[in-house]
Amino acid sequence: MEENITEIVTSLVFQLAVIIFAVRIFGKLAVKIGIPSVLGELVAGIVIGPYALGGLGLPGFPHGIFPLNSESLAVSPELYSFSSLASIILLFASGIETDLTLFLKYSVTGGIVGFGGVAFSFLFGDFCSMVMLHTGFMDVRSLFLGIMSTATSVGITARILSDKKKMDSPEGVTILAAAVFDDVLGIVLLAVVMGIVSALSGGAALSGAKIGMIAFRAFAIWLVFTALCIFFSKYIARFVKLFGGTFDFSIAAFGVALVLAGIFEKQGLAMIIGAYTTGLALSSTDIAPVIQERIHGLYKFFVPIFFAVMGMSVNLGALMNREVLVFGAVYTVSAVLAKVIGCGGPSLGLGFNFRGALRIGTGMIPRGEVALIIAGIGLTAGIVNQELFGVVILMTLLTTIFAPPLLSVTLKLKGQGTRKDTKAAEAQQFVWDFKDDEIADLVIDMFLQDLRSEGFYVQMMNITDGLSQARKGNVSLSITETDSVVMIETAKEDMGFVKGEIYEVLLRLNKSLQTLEALHATVSLQTGLASPENRVEPVLLKVMNKNTISCELKGTTKQEILEELVTLLEKSGKVTDRSLVLSDITARETIMSTGLEKGIAIPHARTDGVKDICIAVGIKKDGTDFSALDGQPSKIFIMIASPRKGESPQMQIMSAISGVLEKNDTIARVLAAQTAEDVMGIVKSVSLKK
C-alpha cells in the first residue's frame with residue numbers, strides 16, 4: 001500500500017511539473033499573438049493531455065505521463081482534486097473582486113442589461129440543446145448547456161475599452177456595471193439549476209410544482225447564506241484577523257471559503273457557489289484589497305492548473321467529429337446572439353440607439369472561466385459527455401477569440417451610442433512612469449485607498465490584470481498599471497481632480513521618505529559593508545575580469561573617476577548603453593556617497609544599460625575625494641553594474657568584495673599591486689582561504 005501511495009504521489013509530482021511549464025509557455029505564446037493567456041493554458045492542456053501527447057508511453061511511464069483515467073474523468077483523481085481546489089480559488093477571487101456596494105446600489109441600467117444577458121443566454125443555450133439533442137427543456141443536459149452559456153469574461157472587454165479610451169463612455173460604463181450583475185445572477189441561476197439537476201439525477205419523475213419547490217429551495221439556500229455572510233462579514237473579517245498578519249488572515253479567509261464551499265456541495269449545490277458567496281461577502285470589508293493581493297500567489301499557481309486540466313479533458317477525436325463541430329458552431333452562434341439580443345435589446349429602451357446597443361451586446365460576448373468550471377462539473381458527474389464537453393470548449397474558445405475584434409469594430413463606428421446628445425468629451429490620459437515597479441505599486445495602492453475614502457466604488461477587473469475601475473456618480477476612472485507605468489483615463493473635466501489626488505499621494509509619500517532620512521544617521525548600516533566577517537561568495541571570482549582592472553586611474557575628481565570606471569566596465573562586453581550606466585551610477589551617488597572607510601569606495605547601480613552583472617576595479621594610490629564616511633580620500637574603487645530586471649547578486653558581491661578587502665593586510669597589498677593579474681591573484685588567494 002505504501003509503495004502504491006508513493007507511486008501515486010510521484011506521478012502527481014511529475015504531472016504538476018509538466019503542467020507548470022506547459023501552461024506558462026503556451027500562455028506567453030498566446031499573449032504574443034494577441035489572445036488571452038487563459039486560452040493558451042487551455043490549449044496547453046489539450047496538447048499534453050491523455051488524448052494527445054500525455055498518452056504516449058515514455059521510459060518510466062508506460063501509459064504516458066497523463067494516462068487516461070476514464071471517459072468522465074480523463075485525469076487522475078489526485079490531479080482533478082488540484083483542479084477543483086483551483087476552481088474554488090478562482091471563484092473566491094472573483095467574489096472578492098465584485099464591488100458589493102456597486103451591485104446593490106449603483107446602476108439600474110446595468111442591472112437590467114445584466115439580467116437580460118443571463119436570461120436570454122440561458123434560454124438560447126437550453127433551446128439550442130433541445131433542437132440539437134432532440135430533448136426536452138428540463139433535460140439535465142439542456143439545463144447545463146443553458147447555464148454554461150450565461151457567463152461573461154468581462155476582463156477581456158475591460159482591456160479593449162481601456163485601449164480604445166471608452167471605459168467612461170455610456171456604453172463602457174453600462175457594460176462594466178452589467179458585468180457585475182451578470183456574475184451574481186449567473187451564480188444564483190447556477191444554484192437553482194444545480195438543485196434541479198441534483199433532484200433529476202435521482203431518477204424521480206418531477207412535476208412542475210416539485211421542480212418549482214426544488215428551485216426555490218436552491219435559491220433560498222444561496223440567499224440565506226449570502227445574506228448571513230454579508231451581515232456577519234465584519235465579524236468574519238475580525239475572526240480571520242485573529243490568526244495574525246496579512247498573509248495569515250488571508251489564508252484564513254480562504255479557509256472560510258473552503259468551509260462554505262463544502263456546505264454548498266453537501267446541500268447538492270456546487271462548491272464554487274460557496275466560494276463565490278464568501279468572496280462576495282468579504283468584498284465590502286477593509287481586508288478585501290489585502291486578500292486580493294495576498295492570494296495572488298495561490299491564484300497564479302493553481303488557476304492555470306485548472307485550465308490545463310479542462311484542456312486535458314477534451315477528447316480531440318470527439319472534438320473533431322463533424323456533429324460536434326456543427327453543434328459547437330450552432331451553440332457558439334446562439335451564445336453570441338443571446339448576449340447581443342439579451343444585453344443590447346434592453347439597452348434600446350434605456351436611452352441607447354442601435355449603435356450603442358450593438359456595442360453593449362458585443363462587449364458582453366466573451367465567455368470564460370465559469371463556463372469551463374460548470375462544464376467540468378457536468379463532465380465528472382456524467383451529465384455532459386465528451387461530445388458536449390467539446391461543444392462547450394469550442395464555444396468558449398471562439399467567443400473569447402472573436403469578441404475583442406468584434407467589439408473593436410463596433411467601437412470604430414462613427415457616431416455616439418446614445419439617442420440624446422451627450423457631452424462626449426474625449427477622455428484624457430494621465431501617464432506617469434515612476435521608473436520603479438514597487439513605487440508604482442505603492443502610488444496605486446494609496447491612490448485607490450484615497451478614492452474609496454472619497455466615496456468611489458473601486459473594482460479590480462481581474463486579479464491577474466493591472467486594470468481597475470473607479471466610479472462615483474458621473475465620474476468614471478480607468479486605472480492601468482503596467483510595470484512602472486501608471487495610466488489613468490477619465491473625462492477632461494475630471495482630470496484636475498485626478499492630478500490633484502495623485503499630487504496629494506506623492507506629497508504623503510515624499511513625507512514618508514523624508515521620515516526615512518534617519519537613514520543618513522544610520523551610518524552603521526553602511527559601514528556594515530566594511531566588515532571582515534562578510535561572506536566571500538565564489539561568484540565574485542567568476543564575475544571579476546582582469547580586462548576591467550586598472551592599477552593607475554588618471555581621474556582627479558569624483559566624476560572623472562566614475563567615467564573612467566565605466567570605460568573599464570565596457571571592456572567586459574556586457575555594457576549595452578554606456579551613457580545610461582554612467583547616469584544611473586551617478587544618480588545613485590547623489591542619494592548617498594558609496595565611499596566607505598579605509599580608502600574603499602563601491603559605486604554601484606542597477607541599470608538597463610548592461611545585459612549582465614559586471615565589475616570594474618580601479619586603483620589611485622594618492623587617492624581622490626569621494627565624500628567617504630571617514631572623510632579620507634578613496635584609493636580603491638570597485639564599480640558594480642547589474643541589470644535592473646532579473647536576478648543579479650549585486651549586494652552579495654558588494655559584501656564579498658568588502659569582506660576580501662577588510663581581511664588582514666589586503667588593502668595594502670592591493671594598493672601595492674602593479675598589474676591587473678596581481679589584483680586578481682590577491683583576491684583569489686584571500687577568497688580561497690575563506
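## Terms and model

Buried here means under 20% relative accessible area, exposed means over 50%, and partly exposed is in between (1.4 Å probe, protein chains only). Helices (H or I, at least four residues) and strands (E, at least two) are DSSP runs, numbered from the N terminus.

This is a predicted model, in which local features need pLDDT of at least 70 and side-chain atom pairs count only at pLDDT 80 or more, while totals for chains, interfaces and linings use all residues. Residues are numbered from 1 along each chain as its sequence is written, and side-chain values use heavy atoms, leaving out hydrogens and water.

## The chain as a whole

Let's start with the overall picture. The chain contains 29 helices and ten strands, and 52% of its 690 residues are buried. Its exposed surface comes to about 30600 Å², with carbon and sulfur atoms supplying 61% of it; these areas come from the Shrake-Rupley method with a 1.4 Å probe, and for residues only the protein chains shown count as cover.

Contact means heavy atoms within 4.5 Å. Of the contacts in the chain with a separation of 6 or more, 74% are between residues 24 or more positions apart.

## Two nonpolar cores

A nonpolar core is a set of buried Ala, Val, Leu, Ile, Met, Phe, Trp, Tyr and Cys residues joined through side-chain atoms within 4.5 Å. The largest one has 105 residues, and Phe92, Met148 and Ile273 have the most contacts inside it. Leaving aside neighbours within four places in sequence, Ile273 touches Ile187, Leu190, Ala191, Trp222 and Phe264. A second, separate core of 28 residues includes Ile549, Ile613, Ile653 and Met654.

Helix H10 spans residues 233-241, and its buried residues are Ser233, Ile236, Ala237 and Val240. These residues sit on the same side of H10 because they cover an arc of only 100° around the axis, the arc being that of the directions from the helix axis to the C-beta atoms. Turned away from this buried side is a face with the exposed residues Lys234 and Arg238.

## A buried serine in a loop

Ser76 is found in the loop between helix H2 (37-48) and helix H3 (77-97), and it is buried at a relative accessible area of 17%. Beyond its neighbours within four places in sequence, Ser76 is in contact with Gln15 and Asn69. Ser76 and Leu12 are 64 residues apart in sequence, yet 8.5 Å apart in space, C-alpha to C-alpha.

## Salt bridges and cysteines

The model holds six salt bridges, each a side-chain nitrogen of Lys or Arg within 4 Å of a carboxyl oxygen of Asp or Glu. One of them joins Lys558 and Glu589, whose closest N and O atoms are 3.0 Å apart. This pair links distant parts of the chain, with Lys558 in helix H25 (residues 558-570) and Glu589 in helix H26, 31 residues apart. Lys558 is partly exposed at 21%, whereas Glu589 is buried at 7%.

Another bridge pairs Lys546 with Glu677 at 3.9 Å. Lys546 lies in the loop between helix H24 (539-543) and strand S6 (549-550) and Glu677 in helix H29 (residues 676-689), so the pair ties together parts that are 131 residues apart in sequence. As for disulfides (pairs of cysteine sulfur atoms within 2.5 Å), the structure holds zero. Cys343 is buried at 0% relative accessible area, and Cys614 is buried at 1%.
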